[in-house]
Amino acid sequence: MTMLEVWKMIGTYAIVFAVGGALCAIAELLIVRTKLTPARILVIFLLTGIALEAVGLYEPIFKVCQAGISVPIVGFGASLARGSIEAARTVGFAGAFSGGLVRTAYGIGAAVMMSYIVTLVFNPKSK
């Protein structure tokens, strides 16, 4: 690996870290400065991803920010929208409802399985 490749990789990591951190900072500011609940902030971020995908801005942002924008809930919203749009084009009106779930099924399934494994390993204490 050449030094140029190493510096490009470090630059990519810095951008991803900065974008992901900025999204977290925005969420924290919304929690601290407004009366919005974390659930509503989550929905705002999800709808932001859907809106960015719908107007075609998510892909150019993703090319620059990569995992910084795709890993948070914004990326999940964009993935739902992309799946719905693609399925609506191929299947029709019914595809708009199923496409998002089909596209995100693997991630949702992995989250359910991991949460089940965590509940088997740890013993949560209810308040």
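Trainee: I am looking at where helix 5 meets helix 6; what is the handedness of their crossing?

Mentor: The crossing of helix 5 and helix 6 is right-handed, and please keep in mind throughout that this is a predicted model.

Trainee: How should I describe such a pair beyond its handedness, and what are the values for helix 5 and helix 6?

Mentor: Two packed helices are described by the angle between their axes together with the distance between those axes. For helix 5 and helix 6, the axes cross at roughly 135° and come within 6 Å of each other. Because angles have to be over 145 degrees to count as roughly antiparallel, while 65 to 115 counts as roughly perpendicular, helix 5 is oblique to helix 6.

Trainee: Which residues make that contact?

Mentor: On the side of helix 5 they are F76, S79, L80, R82, G83, S84, E86, A87 and A88, and on the side of helix 6 they are G95, A96, G99, G100, L101, R103, T104 and I108. Sorted by class, the contact of helix 5 with helix 6 holds 7 nonpolar, 7 polar and 3 charged residues.

Trainee: Which other residues of helix 5 are buried, and against what do the buried residues pack?

Mentor: Along with S79, the buried residues of helix 5 are V74, G75, G77, A78, L80, A81, R82, G83, S84 and A87. The buried residues of this helix pack against helix 1 (3-33), helix 2 (38-54), helix 3 (58-65), helix 4 (67-70) and helix 6 (95-121).

Trainee: How many residues does helix 5 have, and how does its reach compare with what is expected?

Mentor: Helix 5 covers residues 73-90, which is 18 residues, and from its first C-alpha to its last it reaches 26 Å, close to the 26 Å expected at 1.5 Å a residue. Just after helix 5 comes G92, which takes a positive phi of about 115°.

Trainee: Let me try another helix pair, then: at what angle do helix 1 and helix 2 pack, and how far apart are their axes?

Mentor: Helix 1 passes helix 2 in a right-handed crossing, and the two pack at an angle of about 140°, with their axes 10 Å apart. Helix 1 and helix 2 are therefore oblique to each other. The residues in contact are L23, I26, A27, L30 and I31 of helix 1 and P38, I41 and F45 of helix 2. By class, the contact of helix 1 with helix 2 consists of 8 nonpolar residues, with no polar and no charged ones.

Trainee: Finally, how do separations along the chain and in space compare, for example between Y13 and F76?

Mentor: Each pair has to be read with both values side by side. Y13 and F76 are 63 residues apart in sequence and 20 Å apart in space, taken C-alpha to C-alpha, whereas I10 and G77 are 67 residues apart in sequence and 28 Å apart in space. For I117, which lies in helix 6 and is partly exposed at 38% relative accessibility, the C-alpha atom is 38 Å from that of E5, 112 residues apart along the chain.

Key
Residues are numbered from 1 along each chain as its sequence is written. This is a predicted model: local features need pLDDT of at least 70, side-chain atom pairs count only at pLDDT 80 or more; totals for chains, interfaces and linings use all residues. Side-chain values use heavy atoms; hydrogens and water are left out. Helices (H or I, at least four residues) and strands (E, at least two) are DSSP runs, numbered from the N terminus. The expected span of a helix is 1.5 Å times one less than its number of residues. Buried means under 20% relative accessible area, exposed over 50%, partly exposed in between (1.4 Å probe, protein chains only). Contact means heavy atoms within 4.5 Å. Axes are lines fitted to C-alpha atoms, for helices over the stretch in contact, and angles run from 0 to 180 degrees between N-to-C directions. Angles under 35 degrees count as roughly parallel, over 145 as roughly antiparallel, 65 to 115 as roughly perpendicular and the rest as oblique. A crossing is left-handed if the near helix is turned anticlockwise from the far one by less than a right angle, and right-handed if clockwise. Ala, Val, Leu, Ile, Met, Phe, Trp, Tyr, Cys and Pro count as nonpolar, Asp, Glu, Lys and Arg as charged, and the others, Gly among them, as polar.
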